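I opened a new structure today and kept notes as I went. The entries are in the order I looked things up.

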Amino acid sequence: MSKSASAGSGTTTAAASGIYRIGKMFKFDGAHHLGGLPEGHKCGRLHGHGYTVEVTLASTRLAGPGFVVDFAKLDPLKRHLDGEFDHRLLNDVIDVEPTSENLARLLFDWCVTHLPLPDGAFVEAVRVRETATSWAEYRQETPH
């Protein structure tokens, strides 16, 4: 059975089979062109997108007043996107083809390394949207 949180308590634990998830979206504008495509493919030409990056965090327990993580702790990702990706040619920024799939993996790895997460919380997935109707996602197996 899970413990209940009282005002000012530190950690609340979930039932053994439960998991908490939160997500936050960030936006940036960038351009790219993709190589290795058939002649005349539209993505081979320089073009831009209004990207949306969504990070999903999870934990089996809550910290502080009842958070997976305080959303303010995700500000480093916003600063990273604004400083390194926004209004840039992504081909000049990353060392792989700037597909949504590759961006999702690179940003997942960045989040794992740079976001200050409380014990028990982890980056579950990063999703990158180029348009309102298409996205790519990278996730790893849930840590044990």
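The entries below go from the overall fold to one helix and then to the aromatic rings.

**Overall.** I noted at the start that this is a predicted model. I found two helices and seven strands in the protein. Along the sequence I read them in the pattern β-β-β-β-α-β-α-β-β. Of the 144 residues, 34% are buried. I looked up the accessible surface as well: about 8600 Å², with 51% of that belonging to carbon and sulfur atoms.

**Helix 1.** Which residues of helix 1 are buried? I listed Leu77, His80 and Leu81, within a helix that runs over residues 75–84. They lie on the same side of helix 1, because they cover an arc of only 95 degrees around the axis. For what covers them, I wrote down several elements, including strand 2, strand 3 and helix 2.

**Aromatic rings.** I counted three aromatic pairs. Phenylalanine 28 and tyrosine 51 are stacked, at 4.8 Å centre to centre and 10 degrees between the planes. Phenylalanine 85 sits in the loop between helix 1 and strand 5, 57 residues apart from phenylalanine 28. I recorded Phe28, Tyr51 and Phe85 as one aromatic cluster.

**Last check.** I found arginine 127 over the face of tryptophan 135, at 3.6 Å from the ring centre.

Key. Residues are numbered from 1 along each chain as its sequence is written. This is a predicted model: local features need pLDDT of at least 70, side-chain atom pairs count only at pLDDT 80 or more; totals for chains, interfaces and linings use all residues. Side-chain values use heavy atoms; hydrogens and water are left out. Buried means under 20% relative accessible area, exposed over 50%, partly exposed in between (1.4 Å probe, protein chains only). Helices (H or I, at least four residues) and strands (E, at least two) are DSSP runs, numbered from the N terminus. The arc is that of the directions from the helix axis to the C-beta atoms. Contact means heavy atoms within 4.5 Å. Accessible areas come from the Shrake-Rupley method with a 1.4 Å probe; for residues, only the protein chains shown count as cover. Rings of Phe, Tyr and Trp (its six-membered ring) pair if their centres lie within 6.5 Å; planes under 30 degrees apart count as stacked, over 60 as edge-to-face and the rest as tilted. A charge sits over a ring if NZ of Lys or CZ of Arg is within 6 Å of the ring centre and within 35 degrees of the ring normal.
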